[in-house]
Amino acid sequence: MALDSCTNYSLQEEIQRNCDVNLDTCYECGKCSGGCSNGHIFDFTPRKIIQLIKLGQENTLLHMDALWICVACNICWDRCPSSINIPRIMDYLREKAHQQGITATRPQVETFHRLMLDSIYKRGRVAEVPMMIQYNLAIGNLFNESGMAARMLLKGKLRPVLTSVKQIQTVRQMFNNPKKKEG
Ligand code: SF4
Ligand code: SF4
């Protein structure tokens, strides 16, 4: 994913341009943190993450554990009275940490995340079986969750055949030219 992190911008401006959000509309109500699926194990709650962005604490944000345990459930976004898209911000920060070579606090989560994005880039959808094999090879445990995979295959919950979406170029365009807010 292309990131627009021009050094002339503050971190807040950079995130607002790339994530289509206005952080000035956050009034610290904490509804995002109160509903967060994994807030109880985050090192920084969603409300604090917004404050850290405003304070320009990029280094702290790119190293935080919360980046790798956010499950992108969208509850924070749904509850926010100002409709601030926090999952999009988390995604942006994850990508930025990766591009800067920062080691994830949960390497296996990052490996899974990257393989999933690669699969979507190549086919426009997740190729579950090949992705799980790649993941198991990457973590050095070929038979990881093999029992569950077999049960899911039998129930038709996993796609054994590789197929691509028809408009694959459109999907790739989203990776190369993510929508940016003008101005
Ligand atoms: S719910 Fe929205 S307005 Fe309230 S603290 Fe969270 S981001 Fe800010
Ligand atoms: S998307 Fe992430 S930050 Fe938002 S509620 Fe879900 S786990 Fe928490």
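## Helix H8 and the residue after it

Just after helix H8, Gly124 takes a positive phi of about 85°. Helix H8 covers residues 107-123, 17 residues in total, and reaches 24 Å from its first C-alpha to its last. That is close to the 24 Å expected at 1.5 Å a residue, the expected span being 1.5 Å times one less than the number of residues in the helix. Helices here are DSSP runs (H or I, at least four residues), as strands are (E, at least two), numbered from the N terminus.

## Model and conventions

This is a predicted model, in which local features need pLDDT of at least 70 and side-chain atom pairs count only at pLDDT 80 or more, while totals for chains, interfaces and linings use all residues. Residues are numbered from 1 along each chain as its sequence is written, and chains are lettered from A and ligands numbered from 1 in the order in which they are written.

## Overall fold

The chain has eleven helices and zero strands. Its C-alpha trace spans about 50 × 35 × 30 Å along the principal axes. Of the 183 residues in the chain, 18% are buried; a residue is buried if 20 or more other C-beta atoms lie within 10 Å of its own, exposed if 12 or fewer, and partly exposed in between, with C-beta atoms placed from the backbone.

Two residues are in contact if their C-beta atoms, placed from the backbone, lie within 7 Å. Among contacts between residues at least 6 apart in sequence, 65% join residues at least 24 apart.

## Nonpolar core

The largest nonpolar core has 23 residues. Such a core is a set of buried Ala, Val, Leu, Ile, Met, Phe, Trp, Tyr and Cys residues joined through C-beta atoms within 7 Å. Two or more residues each come from helix H1 (11-19), helix H3 (46-54), helix H5 (66-69), helix H6 (75-79) and helix H7 (86-99). H7 gives the most, with six residues. In soluble globular proteins, nonpolar side chains tend to be buried together.

The residues with the most contacts inside the core are Ile15, Leu67, Cys76, Ile89, Met90 and Leu93. Ile15 touches Val21, Ile53, Ile89 and Tyr92, not counting residues up to four places away in sequence.

## Helix H1

The buried residues of H1 are Glu14, Ile15, Asn18 and Cys19. Seen down the axis of H1, these residues fall within an arc of 100°, so they line one face of the helix; the arc is that of the directions from the helix axis to the C-beta atoms. H3 and H7 are among the elements that cover the buried residues of H1. Just after H1, Asp20 takes a positive phi of about 55°.

## Shells around the two ligands

A residue belongs to a ligand shell if its C-beta atom, placed from the backbone, lies within 6 Å of the ligand. Around ligand 1 there are 15 residues, the closest being Cys26, Cys29, Lys31, Cys32 and Cys80. Helix H2 (31-35) and H3 each supply at least two residues of this shell, and H3 gives the most, with three. By class the shell around ligand 1 has nine nonpolar, two polar and four charged residues. Ala, Val, Leu, Ile, Met, Phe, Trp, Tyr, Cys and Pro count as nonpolar, Asp, Glu, Lys and Arg as charged, and the others, Gly among them, as polar.

Ligand 2 is also surrounded by 15 residues, and the closest are Cys36, Cys70, Cys73, Ile75 and Cys76. H6 and H7 are the elements that give two or more residues to this shell, with the largest share, three residues, coming from H7. The shell around ligand 2 holds eleven nonpolar, four polar and no charged residues.

## Trp68

Trp68 lies in helix H5 and is partly exposed, with 18 other C-beta atoms within 10 Å. Leaving aside neighbours within four places in sequence, Trp68 is in contact with Ala104, Thr105, Arg106, Val109 and Glu110. Trp68 and Ile120 are 52 residues apart in sequence and 19 Å apart in space, C-alpha to C-alpha.

## Positive phi in loops

Most residues other than glycine have a negative phi. Glu28, in the loop between H1 and H2, has a positive phi near 60°. Glu28 is exposed, with 11 other C-beta atoms within 10 Å. Ala72, in the loop between H5 and H6, has a positive phi near 55°. Ala72 is partly exposed, with 14 other C-beta atoms within 10 Å.
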